[in-house]
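Please read them with the structure open.

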Amino acid sequence: MDVVLKEITSSNYELVCDLDVTEEQQDYVACNMWSLVESHYNSGHTCKAIYCDNQAVGFFMWVQESPKKVSIWRFMIDHKYQNKGIGRIALNQALDAIKLTPGLCEIEICYNPKNPVAKDFYSSFGFQEVGMDEDNEDMLAIISL
């Protein structure tokens with residue numbers, strides 16, 4: 001299984017936009033098309049397609065919120081490719097890429113506390129919960145570097 005993060009270009013953006021999670025996960029993940037539009041009109045956003053064996057299977061977006069902090073805003077694996085270990089490999093690759101940011105001290109992710117797999121999955125990468133966000137909707141978890 002060859003998992004890689006690739007740039008999103010005019011030749012693959014439609015493939016990324018067509019990816020979707022399960023119906024049960026719809027409330028937890030923003031639409032990839034909306035995320036690409038958001039990243040186009042805002043600075044500091046990095047978007048990557050997740051490929052497995054030359055097939056687009058997922059999407060990442062992270063944002064440099066300050067010189068010392070990067071937040072992962074979007075991470076999804078298409079429903080047809082879930083539970084195969086692809087997400088774990090892709091998150092490791094994304095974290096390695098993010099950690100190359102000069103002066104970085106913190107990586108943040110937020111997730112719906114009702115998401116049944118998020119806490120255990122992210123904590124296995126070293127994310128530690130620090131409490132709810134300012135809207136009291138999502139759990140914040142960080143990796144301190």
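1. The model is predicted: local features need pLDDT of at least 70, side-chain atom pairs count only at pLDDT 80 or more, and totals for chains, interfaces and linings use all residues. Residues are numbered from 1 along each chain as its sequence is written, and side-chain values use heavy atoms, with hydrogens and water left out.

2. Seven strands form an open sheet with mixed pairing, in the order S1-S2-S3-S4-S5-S7-S6. Strands S1 (3–7) and S6 (128–132) each have a single partner strand, so one side of each lacks a neighbour in the sheet. From one strand to the next, the twist averages 30°. Strands (E, at least two residues) and helices (H or I, at least four) are DSSP runs numbered from the N terminus, and two strands pair if DSSP finds at least two bridges between them.

3. S3 (residues 55–66) and S4 (residues 69–77) run antiparallel and are joined by eight bridges. Phe59 stands opposite Met76 in S4.

4. Helix H2 (residues 32–40) lies across S2 (45–52), S3 and S4, at about 40° to S3. Axes are lines fitted to C-alpha atoms, for helices over the stretch in contact, and angles run from 0 to 180 degrees between N-to-C directions.

5. Ala94 is in helix H3 (residues 86–98). Its relative accessibility is 0%, so Ala94 counts as buried (under 20% relative accessible area, 1.4 Å probe, protein chains only). Leaving aside residues up to four places away in sequence, Ala94 touches Leu5, Phe60 and Trp62 (contact means heavy atoms within 4.5 Å).

Key: Buried means under 20% relative accessible area, exposed over 50%, partly exposed in between (1.4 Å probe, protein chains only).
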